[in-house]
Amino acid sequence: MIKEKQLRFQIITKTTTYLFEVTESGHLKHYYYGSVLSEKDAENWEISNSVGWGCSVLYRQEDPSSSLHTTPLEWSGSGCGDYRESPIEVEGDWGVLTTDFRYQSHKIYSGEGPHRFLWPRAEGAEETLEICLSDPEIAMDLRLYWSVFGDVICRKALLINRGENTRYVRKLMSSCVDFAGEYRMLNLHGDWIREAHPEISSVGYSRIVNESLTGFSSNQHNPAFAVMTEQTNEWSGDAYGFNLIYSGNHYASLARSSANLTRIMQGISPANFRYELAPGESMETPDAVMTYSPEGLNGMSRNLHEFINSSLVPSYWRYRERPVLYNSWEGCMFDFNERKLLGLAREAKRMGCELFVLDDGWFGTRNDDTQGLGDYNVNLKKLPHGLTGLAERINRIGLQFGLWFEPEAVNENSDLYREHPDWVLQEPGRKPLQGRNEYLLDLRMECVRDYIVRSVSQVLDSANITYVKWDMNRHSNILGAGSMEYILGLYEVMHRIFDPRPEILLESCASGGNRFDLGMMTISPQIWASDNTDPMERLHTQKGLSYFYPQSTMGCHVSASPHMQTMRHSEMETRGNVAFFGALGYELDLDHASYENKKKIREQIKFYKKYQKVFQFGTFYRYDTDEDHEQWQVLDGDTSMVGVFRRLGSAAPGFEKFSIYALDPDQEYHVTTRSQTVNFSRVGGNINYLSPIRINPNGPLFFVVDQRLHITAATENRTHSGRALAGGFVPMPLFAGSGYDGNQRLVGDGGSELYVIEKTER
Ligand code: GLA
């Protein structure tokens with residue numbers, strides 16, 4: 001609900017109040033963002049400063065409280081006494097202009113307010129507040145918007161040139177706000193195969209900037225971040241979540257001012273940005289997303305997950321379970337033919353998969369990554385019955401069929417490039433640069449957009465394709481506003497292809513998670529989180545993403561061990577237990593998987609299918625753990641899963657105590673461990689104490705046994721109240737090498753357990 005009384009605005013979400021008012025000078029003064037305030041509190045809330053401070057400049061000489069620099073604001077400009085970073089910069093013919101936008105009028109819309117550009121946006125806004133501001137001295141108007149979705153507020157800005165001269169926008173943020181007090185920031189940094197690692201810093205007097213300059217939202221600096229106090233942890237304390245519904249160069253900055261006000265802004269990156277506004281023209285920003293929870297980072301994540309699952313992803317896929325898929329890439333790379341694929345599909349079906357995805361290498365001369373990209377004509381040498389025939393055969397096996405594309409890029413060695421070298425994204429007079437042997441196509445050009453729409457649509461209509469993996473494998477070189485126009489072109493292309501085909505599950509990918517963002521999610525309900533599927537690495541990436549994105553959006557695959565990038569050995573059970581907390585898939589050569597591993601895969605998929613809704617859409621909780629452990633929980637109604645992951649085991653570990661929160665304290669729950677097995681190779685020479693026969697742990701027989709026989713790990717089986725589980729229960733002791741009788745937990749380095757918690761019938 002949005003209320004206004006004497007130009008004091010209250011934006012009331014399910015559990016929060018956001019409060020600001022128009023000052024006498026017409027500026028917007030921010031008061032409060034936190035748990036819901038009573039009407040009386042909201043009316044009396046004040047942050048007052050009735051004297052000018054030191055050398056501060058007054059906006060109105062007669063009003064000593066009018067220093068903009070010491071006022072918490074909802075928006076600001078430059079040149080009028082606020083010396084903090086401004087969310088807007090505009091240039092006229094004679095240089096950079098002072099900007100000072102003041103209140104004119106406002107309007108409260110039920111539902112979504114007006115919008116102009118084709119920016120992706122969430123659907124189903126409850127109400128929208130529009131405030132019209134104006135700076136008559138430069139003949140420009142600014143409209144600011146706040147829209148309510150559950151416990152999320154979206155903000156955006158629209159700048160209009162009312163004058164007779166052209167203006168140039170050098171910076172226009174989507175939102176800006178000042179919070180009184182001191183904060184920490186949690187953001188996600190990374191790179192290829194190291195995506196979304198959380199980083200926490202104190203917000204001090206020097207500005208922190210979280211920005212992407214690669215042309216995309218990037219694996220280096222995800223646009224999402226959290227702001228919290230010193231006391232905040234996963235379960236309690238103030239936690240504010242921020243994000244941007246945009247897939248290009250983004251910018252967020254945080255800095256504490258000398259008056260102890262923390263300014264937070266976010267929007268399109270202003271680096272090299274210059275956007276021309278002719279008289280009468282306007283520029284609208286993408287939406288910024290904000291939420292608040294007093295229940296720590298888990299509460300913040302819950303608000304954001306609910307927003308994404310219910311308002312942001314395409315309507316057909318909202319709360320619709322994602323199929324368990326098999327992807328051909330890590331198993332085959334470019335080296336396959338129809339026979340190999342059908343063999344894998346049969347095996348994937350036996351394992352319980354629902355969808356077979358043919359990754360790169362199916363078209364043109366695409367036998368490695370140096371050639372063929374751009375030519376989407378099927379390679380009949382590899383696939384003699386074409387895609388139509390392959391899809392039919394895969395469907396007959398009982399699987400859906402999905403396909404990989406990389407439509408934004410082209411290899412130099414391709415027919416498309418030979419025909420249209422001018423379609424490559426480049427600055428006039430400069431040689432375009434390659435990344436992964438490819439150029440980007442210039443999606444600002446209508447003919448390029450038409451080509452992509454036509455070629456991808458033709459393929460999609462040629463076979464029964466129910467899933468698309470849309471890849472993009474390099475950073476961009478285009479600067480500033482050009483990069484924004486590329487992203488707008490991309491959104492247009494994707495909408496034209498997928499709006500008429502809502503039932504196709506689109507999984508966006510960019511060398512893994514190089515474009516894991518809310519803009520993509522408005523079209524692509526699932527995103528490939530990382531090319532790195534090593535479970536120990538995935539603990540970082542999936543945990544990092546979980547702060548801001550729900551499990552349903554994360555493509556999480558089980559692959560082979562040792563892992564191709566980290567060379568690390570891992571347990572099949574741990575690979576599964578980590579991937580369960582997302583949209584599960586398998587990506588390994590099943591022809592090479594051992595009998596015992598295939599058995600485990602079958603059991604994993606059966607288990608996951610039973611609890612798919614809990615894993616994909618349950619409320620997600622992270623636990624505050626030490627460096628060697630992670631503990632994650634999902635909860636849906638009466639069922640909860642708790643994953644406990646161990647990076648490094650320790651000697652003589654003794655008893656452990658786990659707490660399980662988020663349950664009803666007065667209900668009783670049955671706790672079991674998902675039944676798992678452990679490879680003999682994990683216990684080496686100990687095999688001679690664990691098995692009745694003696695085997696040389698370095699001999700060939702040991703290898704054969706390890707392929708076919710595994711040790712069944714001990715399982716818990718107990719019933720406790722939610723209150724007792726929150727207090728902490730003590731599971732069976734960990735194996736310590738001094739004996740095993742089936743009642744010790746076999747965990748060790750890289751081991752994991754999954755507890756299934758179900759409410760009992762009383
Ligand atoms: C990228 C993707 C991978 C795979 C390859 C194919 O690296 O992230 O998942 O699709 O391209 O070339």
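Q: Where is the place of Lys 469?

A: Lys 469 sits in strand β27, residues 467-470. Strands (E, at least two residues) and helices (H or I, at least four) are DSSP runs, numbered from the N terminus. Before we go on: this is a predicted model, where local features need pLDDT of at least 70, side-chain atom pairs count only at pLDDT 80 or more, and totals for chains, interfaces and linings use all residues. Residues are numbered from 1 along each chain as its sequence is written, and side-chain values use heavy atoms, with hydrogens and water left out.

Q: Why does Lys 469 count as buried?

A: Buried means under 20% relative accessible area, exposed means over 50%, and partly exposed is in between (1.4 Å probe, protein chains only). Lys 469 has 5% relative accessibility, so it counts as buried.

Q: What makes the pairing of Lys 469 with the side chain of Asp 359 a polar contact?

A: The term takes a pair of N or O atoms within 3.5 Å; within protein, one must be able to donate a hydrogen and the other to accept it, and residues adjacent in sequence count only if both atoms are side-chain atoms. The two side chains make their contact at 2.7 Å.

Q: Which residues come nearest the ligand?

A: There are 13 residues around the ligand, and Asp 359, Asp 360, Lys 469, Asp 471 and Asp 531 come nearest. A residue is near a molecule or strand if one of its heavy atoms lies within 4 Å of it. By class, this shell has 4 nonpolar, 3 polar and 6 charged residues. For those classes, Ala, Val, Leu, Ile, Met, Phe, Trp, Tyr, Cys and Pro are nonpolar, Asp, Glu, Lys and Arg are charged, and the others, Gly among them, are polar.

Q: What polar side-chain atoms lie by an oxygen atom of the ligand, such as that of Trp 528?

A: For Trp 528, the distance to a ligand oxygen is 3.5 Å. Asn 473 has a polar side-chain atom 3.4 Å from a ligand oxygen, and for Asp 360 a side-chain N or O atom is 2.6 Å from one. As for cover, the ligand taken alone exposes 310 Å², and the protein buries 96% of that. Those areas come from the Shrake-Rupley method with a 1.4 Å probe; for residues, only the protein chains shown count as cover.

Q: What lines the largest pocket?

A: Its lining has 28 residues, with Ser 561, Pro 562, His 569, Ser 570 and Arg 575 nearest the centre. On a 1 Å grid over the protein atoms alone, a pocket is an open set with protein on both sides within 12 Å along at least five of seven lines, whereas a cavity is a set of points where a 1.4 Å probe fits but cannot get out; lining residues have an atom within 4 Å of a point. The pocket's volume is about 630 Å³, volume being the space filled by probe spheres set on the points, which are joined across faces, edges and corners. The lining divides into 8 nonpolar, 11 polar and 9 charged residues. Helix α10 gives the largest share, 4 residues.

Q: How many cavities of 30 Å³ or more are there?

A: The count comes to 6. The largest cavity holds about 130 Å³ of space. It is lined by 18 residues, and closest to its centre are Gln 676, Val 678, Ala 713, Leu 746 and Ser 752.

Q: What kind of peptide bond joins Ser 561 and Pro 562?

A: A cis one, with omega about 0°. Most residues other than glycine have a negative phi, and most peptide bonds are trans. Pro 562 lies in the loop between β30 (554-558) and α11.

Q: Why is Leu 7 called partly exposed?

A: Its relative accessible area is 25%, so Leu 7 goes in the partly exposed class. Phi of Leu 7 is near 60°, a positive value in a residue other than glycine.

Q: Is Ala 652 buried or exposed?

A: Exposed, because its relative accessibility is 66%. Ala 652 also has a positive phi, near 40°, and is found in the loop between β34 (639-646) and β35 (668-673).
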